[in-house]
Amino acid sequence: MLLLLSLVQLAFAALLAPFFAGLLSTVEEKLESKSGPNVLQRYFDLIKLFRKESVVPSVASPFFRLAPYATFTLYLFLTLVLPIITAFPLTFGPVVDFVGGGLIFGAAATVKKIAAVDSRSNYAHLGASRAASISSLSEPIMVLIFIMLGVLSGTNNPYIINNTLQTSSAWYSSLLHWFVVGAFFMVLLVETGQLPIESQTQSEFGMIDQSMPIEYSGPELAFFHWGGYVKQFLLMSVFLNVFSLPFWVPMKPEPGPLLGYLAIHFVKMTVLTVVFALLNETVSKYRLYKIFDFIAMTFAFALLAGLAYYVTGGDL
Amino acid sequence: MSATYSITGFIIIVLGLFLQWQVYVSRIVFTFAASSIVIAVWFAYQGIVTDSYSPIVLAVLTAGVRGTLIPILIVRNLHVTPWRARENNPVMGTASSIVLSLVLVIFSLWLFRWSIGRYVGATGVYAALPFAMLFQGAFLIISRRNAFIQMVGYLELENGVLLLGAWGFPQLPLLIEAAIVLDLLGVVVVARIIMRMREESLSIDDRAVAEAALSEDMRG
């Protein structure tokens with residue numbers, strides 16, 4: 001049963017991830033009073049890329065070609081261990097806790113950066129350098145957020161954190177929890193490349209993640225993009241299911257609630273996608289060096305969570 | 001009561017960090033106005049809960065004077081002196097000043113617990129939050145060179161005093177609390193007069209320099 005549910009969760013995340021990436025583009029265009037691309041456009045793009053042949057820079061090592069498959073596999077593995085459609089651990093759930101999950105995200109990001117450097121493209125180097133600068137600060141903040149969640153639940157297991165927040169209104173309404181939600185939302189904007197951090201244009205002035213796969217083509221580029229969609233889906237799901245809206249996630253393996261939750265999760269993801277689209281349409285992009293001010297504020301929120309716990313003694 | 005007080009305190013600490021984040025004076029003034037309104041809402045809530053009129057009066061004064069009048073005065077003056085609309089040359093970078101402001105919050109909480117906190121008991125620990133605001137306001141004054149932002153830093157510091165008085169000394173007469181609120185009105189008016197005098201004297205100097213240069217040209 002748990003293995004079957006693991007496969008359902010993997011398929012749910014991997015197959016729906018491009019949909020929400022497409023939905024984000026469509027809603028953004030609709031907000032600009034344009035007709036916008038089809039919601040399924042990302043699927044069409046992936047199919048087109050899978051049919052094309054690959055062109056690899058002659059100077060690149062074999063690692064360059066393997067990297068998209070490696071990152072995609074790492075993201076797929078994460079779909080098996082994070083609470084997406086269930087609030088109880090599935091077959092691979094006990095393998096890693098939050099810190100372990102963060103390390104796998106970090107490993108995938110590192111593989112992407114090494115591959116970008118291996119491509120010998122100036123644009124890819126530029127993106128890798130920017131991404132490394134930003135993640136060197138944002139990833140420790142992520143660890144700090146997990147430590148704060150550890151204070152809340154006494155563990156770093158995302159399933160237990162979900163159960164704690166679902167069952168304890170005191171913890172859910174605590175200042176510690178809401179500071180952590182604020183900090184994680186800001187990290188989510190950084191990690192998923194939303195405004196005010198990164199604008200999805202072809203201008204190299206603001207490119208971060210976009211410029212890293214610039215030398216990829218064909219199926220490798222498809223896996224690179226698909227992996228990016230799955231990463232976005234996973235982080236959004238973690239934000240919804242562990243941090244901000246942990247409710248309704250089934251705590252027992254019963255088919256009825258599980259099927260119902262698939263629909264609920266779809267709605268939750270749609271709402272968060274619309275929030276992202278609204279943000280992308282109303283906020284201007286920061287200049288690159290201003291991103292560090294944003295990260296400093298994120299750090300402040302994560303640390304204030306600890307201070308709130310210290311001042312209120314955990315009563316609030 | 002302590003729950004709403006600590007939520008108010010933390011909202012204002014976050015707004016204090018936002019003050020460090022911004023460089024445009026108008027945004028800084030609006031952030032300060034928001035923090036004053038938050039304090040006013042807490043006063044109003046306290047008045048309703050305790051069925052007392054003096055916190056309601058303080059709420060109206062705070063919202064009217066600090067939340068509306070002083071910000072309007074500063075923003076109006078900005079239109080007269082547009083070169084002061086943003087901080088061009090801060091003492092330190094924005095990210096470092098945010099982190100340092102946060103460090104000061106931690107230091108102030110430690111200082112409070114180590115000094116006054118020993119004598120006030122468990123519930124008194126919430127008074128540490130206005131202490132943090134005092135440090136944040138003082139740091140805003142020294143981290144910026146723009147006169148308007150320094151004034152907002154002073155106002156923020158006074159907000160800390162106001163909130164500390166409201167929590168630590170609830171029996172304080174309304175007259176004294178109101179004096180803290182209105183005291184700033186005088187400061188702003190005096191500051192505005194000083195600024196105007198300074199601008200006029202500068203413009204006289206400028207005119208003198210321009211006339212001297214013109215006569216030099218004509219002689220040359």
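How many of the 27 residues of α9(A) are buried? In this predicted model, 23 of them are, and the helix is accordingly described as mostly covered.

**View 1. Helix α9 of chain A, seen along its length.** The helix takes in residues 218-244 of chain A.

**View 2. The helical fold of chain A.** Chain A is built from eleven helices and has zero strands, so that from the N terminus on its elements read α-α-α-α-α-α-α-α-α-α-α. Among the contacts in chain A that link residues at least 6 apart in sequence, 80% bring together residues at least 24 apart.

**View 3. The overall dimensions of chain A.** The C-alpha trace of chain A extends about 60 × 45 × 45 Å along its principal axes. A compact globule of 316 residues would have a radius of gyration near 20 Å, and the 19 Å found for chain A therefore agrees with that expectation.

**View 4. The side of chain B that touches chain A.** Here 19 residues of chain B are in contact with 14 residues of chain A. On the chain B side, at least two residues each are supplied by α1 (2-21), α4 (94-114) and α6 (128-143) of chain B. Sorted by class, this side of chain B comprises 17 nonpolar and two polar residues, with no charged residues.

Key. Residues numbered from 1 in each chain as written. Chains lettered and ligands numbered in written order. Predicted model: local features only at pLDDT ≥ 70, side-chain atom pairs only at ≥ 80, totals over all residues. Helix = DSSP H or I, 4+ residues; strand = E, 2+ residues; numbered from the N terminus. Rg over C-alpha atoms; globule rule 2.2 N^0.38 Å. Contact = placed C-beta atoms within 7 Å. Expected span 1.5 Å × (residues − 1). Buried ≥ 20, exposed ≤ 12 C-beta atoms within 10 Å, placed from the backbone. Nonpolar A, V, L, I, M, F, W, Y, C, P; charged D, E, K, R; others polar.
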